[in-house]
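Here is a quick tour of a protein model, from the overall picture down to single side chains. Have the viewer open while you read.

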Amino acid sequence: MEKLYAKKSLGQNFLVDGNVLSRIVTAAGIDQEEMVLEIGPGKGALTELLAKKARQVLAVELDNRLVEYLGHKFLQTDNVEIIRDDILRTDLPQILSARSAGRWKVVANLPYNISSQVLFKFMENREYFSELLLMLQKEVGERLIAPPGCKQYGILSVFCQLYFDISKQFIVKPGSFRPIPKVDSMILKFCLLPTPRVDVGDPSLFRSLVKSSFGQRRKTLWNCLKGDALGIGDKELELAFRRSGIDPGRRGETLSLDEFAILTKALAGGETVLFGP
Ligand code: SAM
């Protein structure tokens, strides 16, 4: 087998620190009936420990060389299955429901270059999961738990906080990986809420509103949303702001989840003032 040099383009920084690996598995709190989905198993260091705890580990890996390596490594391990695929293209409902009707736990040291896209994919398919335990670049982790008004608060914070209770577990230093990355990493636990944290009204309007509001961070809400940005004329927009009681001179990054939901409903022409005089 060819030498397994790490591919930077695939975010390959392999975890080699046994202490960190076992802390991840402990934080995941897996019981023996659980089904675990791992994204990017790499050389299988985490996979091996997960397989000792879980009923089944399904691991999706893009790199052919690693898939071949893992095939040999787990030849004798009945509860590990490796799928060669790009997680961003994988039909998650299909592969998960074909194997178990229950909810899955995700445990992954994500490739950092695609972590936002993977998070959006998990959110779209959230009904298949109970909990996610993810290793992310520390800066991304900080964005996810940032409150409104904070520099790090953004689109990803709004959506993740809408669907999950997110708790920081611990920081992992670069020396725990090979090759050694330039950045610190953070382990976060995402517990799926039984229902979204707030009722957003029309989900697709909410999505467009949040995206447009953060489109140009230095601009006010009014400047981000005027001129038909949401398919809503300026007169109606002004009316919606008045109905919501939200000041159009504020910036998107200051709005809480509740306020985004209130503004969505006001834009849809429904709900009336909850804030202001
Ligand atoms: N889990 C291993 C560990 O902790 O040592 C490896 C983690 S490494 C940060 C990320 C892994 O994701 C690599 O094995 C890489 O090949 C894989 N990967 C990158 N892009 C992927 C994609 N689109 N779909 C599936 N796996 C991917």
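## The overall picture

Of the 277 residues in the protein chain, 48% count as buried, where buried means under 20% relative accessible area, exposed means over 50% and partly exposed is in between (1.4 Å probe, protein chains only). Keep in mind that this is a predicted model, in which local features need pLDDT of at least 70 and side-chain atom pairs count only at pLDDT 80 or more, while totals for chains, interfaces and linings use all residues. Residues are numbered from 1 along each chain as its sequence is written, and side-chain values use heavy atoms, with hydrogens and water left out.

The protein chain has eleven helices and nine strands; these are DSSP runs numbered from the N terminus, with helices being H or I of at least four residues and strands being E of at least two. Along the principal axes, the C-alpha atoms fill a box of roughly 65 × 40 × 30 Å. Among contacts in the protein chain with a separation of 6 or more, 68% come from residues 24 or more positions apart, a contact being heavy atoms within 4.5 Å.

Strand β3 covers residues 56–61, and because six of its six residues are buried, it is largely enclosed by the rest of the structure. Gln56, Leu58 and Val60 point one way from β3, while Val57, Ala59 and Glu61 point the other way, and all are buried.

What sits beside β3? Strand β2 (residues 35–39) runs parallel to β3 and is joined to it by five bridges; two strands pair if DSSP finds at least two bridges between them. Within this pairing, Val36 stands opposite Val57 in β3. To get from β2 to β3, the chain goes through helix α2 (residues 45–53), and this β-α-β crossover is right-handed: with the strands pointing away from the viewer, the path from the first strand over the helix to the second runs clockwise. Five bridges also join β3 to strand β4 (residues 80–84), again with a parallel run. Here Ala59 stands opposite Ile82 in β4. The chain reaches β4 from β3 by way of helix α3 (residues 64–73), in a right-handed β-α-β crossover.

In α3, Arg65, Leu66, Val67 and Leu70 are buried. What covers these buried residues includes β1 (14–15), β3 and β4. Arg65 also lies over the face of Tyr5, at 4.8 Å from the ring centre; a charge sits over a ring if NZ of Lys or CZ of Arg is within 6 Å of the ring centre and within 35 degrees of the ring normal.

Now for helix α6 (residues 138–145), where Val140, Gly141 and Leu144 are buried. They cover an arc of only 100 degrees around the axis, which puts them on the same side of α6; the arc is that of the directions from the helix axis to the C-beta atoms. The buried residues of α6 pack against α5 (115–124), β6 (129–137), α7 (155–163), β7 (164–172) and β9 (185–192).

Ala146 is in the loop between α6 and α7, and it counts as buried at 3% relative accessibility. Leaving out residues up to four places away in sequence, Ala146 touches Gln152, Tyr153, Ser157 and Gln161. Ala146 and Gln161 are 15 residues apart in sequence and 9.3 Å apart in space, C-alpha to C-alpha.

## Rings and charges

How many aromatic pairs does the structure hold? There are seven, where rings of Phe, Tyr and Trp (its six-membered ring) pair if their centres lie within 6.5 Å, with planes under 30 degrees apart counted as stacked, over 60 as edge-to-face and the rest as tilted. One of them is the edge-to-face pair of Phe122 and Phe129, at 5.4 Å centre to centre and 80 degrees between the planes. Phe122 counts as buried at 1% relative accessibility, and Phe129 does at 2%.

Phe164 and Phe190 also form an edge-to-face pair, at 5.6 Å centre to centre with 85 degrees between the planes. This pair links distant parts of the chain, with Phe164 in strand β7 and Phe190 in strand β9, 26 residues apart. Phe164 is buried, with a relative accessible area of 3%, and Phe190 is buried at 0%. Elsewhere, Phe120, Phe159 and Phe206 form one aromatic cluster. As for charges, the charged end of Arg126 sits over the ring of Tyr163, 3.8 Å from its centre.
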